[in-house]
Amino acid sequence: MQQKYEIIPFNERMPMQCVLHKLGYIEPHIHDYFEIDLVLTGNLRAVSEGQTYNLGVEDIIAFNAHSLHELRGKDCILICVQFEQSLFEKTLPSPTRPHFFCNSAIQKNNPAFDSIRRLIARIAKNNTELQIGYVLHNWALIYELMNVLYNNFRINGSHSQEAQNHRYATRMTEISKIMREHYTENFSLSTLADMLYLSAPYLSRFFDQQFGMSFSAYLTQLRINHALNELLNTSKNIEEISADSGFPNSHAFVSAFKREFGVLPSVYRRQNKQDDDEHSPTVPVVEYHDYMEGLAKYLAEDITRPVPVNAISCSVKFDSAVKTKRLRHTWKNVMCVTSAADLLLGDLQSVIARIQKEIKFNYVKFNGILSDDIHIYNETSSGEPIYNFVYVDKILNFLKSVNLKPFIQLS
């Protein structure tokens, strides 16, 4: 079965999208974001991870990041909300990368689906009206949606399975991040393999198995996405767009673009060029349509009510004549991080650096320094040991740069 890895470049301020789909057929594909769909009209046939599901009006189905799925609709209109899977990793406790099963065609009696319907309706309304502060409101709604999913639809898998999923997902996220930073350069599979301390043949197989496409196909898709944005939103010529997007020459760009869209870039620009006075909002606008009237009943209860607060009064008495001593803030002595591998994440390093600037802890406690994620030990084909301390050095160098002493738990 042919499958496609789909890349959606989320805006840095708002890593989510909400779109209204009139669905025909979407071929088997994989993407690195979490997706949840609400059927407004018609019928939807979804194939996910080898299972087929038939959904009707008001049914909900979700797809985990990096899961293969296809969709086929009959007179089907649906609201699709997509957001970065990494939001779960950045926000939630163990498991680091949770998986979910959320399908109202199967879990018919779960009352949490009504909460999801209301949240999707509010997200659609918010991105239709685009009132002042809608970006902040989007953040609030996405975190509320994440909370409902985490508490009602999370899969409690085995620890080993979660660890394996996390390793693969972490590597895929790292690969995506590196390639998004370097796709405009003369970038090769060997270059990426060197940056990841992996062999090129292994990395090539990893792309085929986990991304469902080759390294070169993924790189071309990144470049096409960048070129498409410049094609529609700038007045640059084809040669300039080709160079900006990382293509070796304009002929390579035109050939790749025609394979993807079936027409030349110049023709596509004439057909789809936006007016100069139009500006794309932070989040793609959900156009109003009669179909959205079906969401009205879920918005009826969307009334902000003041939260009742019970007043508490207390008094504190102290004797000023008693000799006092300085209060020692022992809580500032040690901070904790789950595992050594987490200390390699750029987002966590930024948070720790800010904490050190404002609070200044003395130690950081973590475990897993000898785990597979750190790649200290490997073996050749003949069984000879290979030791690699690159990641250990990176962790210790970072801790030294922020004046933190390692408190390592060997467990």
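Contact here means heavy atoms within 4.5 Å. The structure is a predicted model, in which local features need pLDDT of at least 70 and side-chain atom pairs count only at pLDDT 80 or more, while totals for chains, interfaces and linings use all residues. Residues are numbered from 1 along each chain as its sequence is written, and side-chain values use heavy atoms, with hydrogens and water left out. The chain holds 13 helices and 11 strands; helices (H or I, at least four residues) and strands (E, at least two) are DSSP runs numbered from the N terminus.

**Confidence and overall composition**

- The average pLDDT of the chain is 80, and 81% of the residues score at least 70; pLDDT is the predictor's confidence in each residue, from 0 to 100.
- Over residues 1-9 pLDDT stays under 50, and the model has 40 contacts beyond four places in sequence for this stretch.
- Over residues 303-309 pLDDT also stays under 50, and here the model has zero contacts beyond four places in sequence.
- Of the 411 residues in the chain, 39% are buried, where buried means under 20% relative accessible area, exposed over 50%, and partly exposed in between (1.4 Å probe, protein chains only).
- Among contacts with a separation of 6 or more, 72% join residues 24 or more positions apart.

**Nonpolar cores**

- A nonpolar core is a set of buried Ala, Val, Leu, Ile, Met, Phe, Trp, Tyr and Cys residues joined through side-chain atoms within 4.5 Å.
- The largest such core has 34 residues, and those with the most contacts inside it are I36, V81, F83, C102, I116 and L149.
- Two or more residues of this core come from each of β2 (16-31), β3 (33-48), β5 (60-63), β6 (69-84), α1 (86-91), α2 (112-129) and α3 (134-152).
- The greatest contribution to this core is that of α2, with eight residues.
- C102 touches I36, I60, I61, A62, Q107, F113, I116, L149 and F153, when residues up to four places away in sequence are not counted.
- A second, separate core of 20 residues includes M172, L189, L219 and L222.
- In soluble globular proteins, nonpolar side chains tend to be buried together.

**Helix packing**

- The axes of helix α5 (residues 189-196) and helix α6 (residues 200-211) come within 9 Å and cross at roughly 100 degrees; axes are lines fitted to C-alpha atoms, for helices over the stretch in contact, and angles run from 0 to 180 degrees between N-to-C directions.
- Helices α5 and α6 are therefore roughly perpendicular to each other, given that angles under 35 degrees count as roughly parallel, over 145 as roughly antiparallel, 65 to 115 as roughly perpendicular and the rest as oblique.
- On the α5 side the contact involves L189, S190, L192, A193 and L196, which meet A200, L203, S204 and F207 in α6.
- The residues of the contact of α5 with α6 comprise seven nonpolar, two polar and no charged; Ala, Val, Leu, Ile, Met, Phe, Trp, Tyr, Cys and Pro count as nonpolar, Asp, Glu, Lys and Arg as charged, and the others, Gly among them, as polar.
- Helix α7 (residues 215-233) packs with helix α9 (residues 250-261) at an angle of about 90 degrees, and their axes are 10 Å apart.
- The pair α7 and α9 is therefore roughly perpendicular.
- From α7, residues T220, I224, A227, L228 and L231 make this contact with F253, A256, F257, E260 and F261 of α9.
- Eight nonpolar residues, one polar and one charged make up the contact of α7 with α9.

**Individual strand residues**

- E35 is found in strand β3 and counts as buried, at 4% relative accessibility.
- Leaving aside neighbours within four places in sequence, E35 is in contact with I61, A62, F63, H69, L71, C80, V81 and Q82.
- G24 lies in strand β2 and is partly exposed, with a relative accessible area of 38%.
- Beyond neighbours within four places in sequence, G24 is in contact with L71, R72 and G73.

**Positive phi values**

- Most residues other than glycine have a negative phi.
- E58 has a positive phi, near 75 degrees; E58 is in the loop between β4 (51-55) and β5 and is partly exposed, with a relative accessible area of 26%.
- N403 also has a positive phi, of about 60 degrees, although it is not a glycine.
- N403 lies in the loop between α13 (390-401) and β11 (405-409) and is exposed, with a relative accessible area of 63%.
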